[in-house]
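Please open the structure in your viewer and keep the selection tool at hand. The stops below go from the whole chain to a single pair of residues.

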Amino acid sequence: MTTALELRQITKRFGATEILRGVELTVRQGERHALIGPNGAGKSTLFDIIAGRTLPSSGHVMLNGTDVTGLPAHRLGRKGLARSFQTSSVFTGLSVWDNIRCAVLGSHASWPARWFGSNVIDRETQRVIEAIGLTERSSEPASNLGYAALRALDLGLALASDASTLLLDEPTAGMNRLEAAQALSLIRETTKGKTLLIVEHDMEAVFALADRISVLVQGRVIATGTPDEIAADPGVRSAYLGDEP
Ligand SMILES: Nc1ncnc2c1ncn2[C@@H]1O[C@H](COP(=O)(O)OP(=O)(O)O)[C@@H](O)[C@H]1O
Ligand SMILES: [Mg+2]
């Protein structure tokens with residue numbers, strides 16, 4: 001079993017407060033791994049560290065066996081890691097097409113310049129827009145899109161990067177149940193063959209989507225396992241799942 005992402009004893013302090021206290025996490029290549037935990041547990045902070053937006057106080061982030069701790073986001077992108085943020089990174093003034101095309105171009109900066117004028121980029125753009133179900137709206141400005149479509153476009157930006165490992169932080173936040181279900185099936189379809197680490201609040205969705213789940217409570221991973229194992233874990237139930245309505 002090959003490891004895509006490995007976190008070794010990650011800690012993070014803000015002033016005197018220790019938010020992450022020695023996080024250990026292994027995401028296998030090609031698996032869908034969900035990170036769950038109560039509000040304030042440190043999930044977004046951990047994503048910031050993995051994605052190179054902030055440094056850990058100590059510990060290491062390994063990507064495909066290489067230590068990438070502290071590398072900036074654009075260098076991680078070249079090593080095959082993409083992140084979709086809790087807040088949107090879409091350019092609202094640009095069309096759907098131009099948003100995706102920019103992301104495709106950005107991720108293929110190393111391609112020979114002669115390809116840029118050709119339709120290689122256009123075909124790739126088309127493929128991503130089809131995958132996220134926005135073909136009919138590709139000439140519209142992103143500002144026209146409703147919330148769910150905007151999040152789909154956000155997912156498209158991550159897919160356009162062609163990264164093999166994706167970090168998705170609460171991709172269904174702010175959606176109603178129907179939109180959330182559609183978004184998750186879109187994620188399931190479009191990320192086949194990729195490695196996924198996803199933070200998601202909707203437990204039903206998590207248990208349906210994830211191959212494995214890790215539970216972060218008070219800055220530590222208290223359990224990792226299959227959905228069945230996590231559902232049956234007494235420590236998880238008392239620390240977290242028992243609090244669910
Ligand atoms: N830049 C920061 N400075 C100080 N405290 C922070 C900062 N970012 C996050 N925190 C704190 O860290 C804790 C974990 O936050 P976060 O990672 O957003 O949790 P989660 O995503 O699990 O809800 C919270 O108590 C939050 O207030
Ligand atoms: Mg968060």
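This is a predicted model: local features need pLDDT of at least 70, side-chain atom pairs count only at pLDDT 80 or more; totals for chains, interfaces and linings use all residues.

Residues are numbered from 1 along each chain as its sequence is written, chains are lettered from A and ligands numbered from 1 in the order in which they are written, and side-chain values use heavy atoms, without hydrogens and water.

**Whole protein.** Select everything. The C-alpha atoms fill a box of roughly 55 × 40 × 35 Å along the principal axes. Of the 245 residues, 47% count as buried (under 20% relative accessible area, 1.4 Å probe, protein chains only).

**Cartoon view.** Colour by secondary structure: the protein has 9 helices and 10 strands (DSSP runs, H or I of at least four residues for helices and E of at least two for strands, numbered from the N terminus).

Show the open sheet of 6 strands, with order 6-7-8-3-9-10 and mixed pairing (two strands pair if DSSP finds at least two bridges between them).

**Strands 3 and 9.** Select residues 32-36 and 212-217. Strand 3 and strand 9 run parallel and are joined by 4 bridges. Which residue of strand 9 is the bridge partner of Ile 36? Zoom in on Val 215, the partner in question.

Note on methods. Buried means under 20% relative accessible area, exposed over 50%, partly exposed in between (1.4 Å probe, protein chains only).
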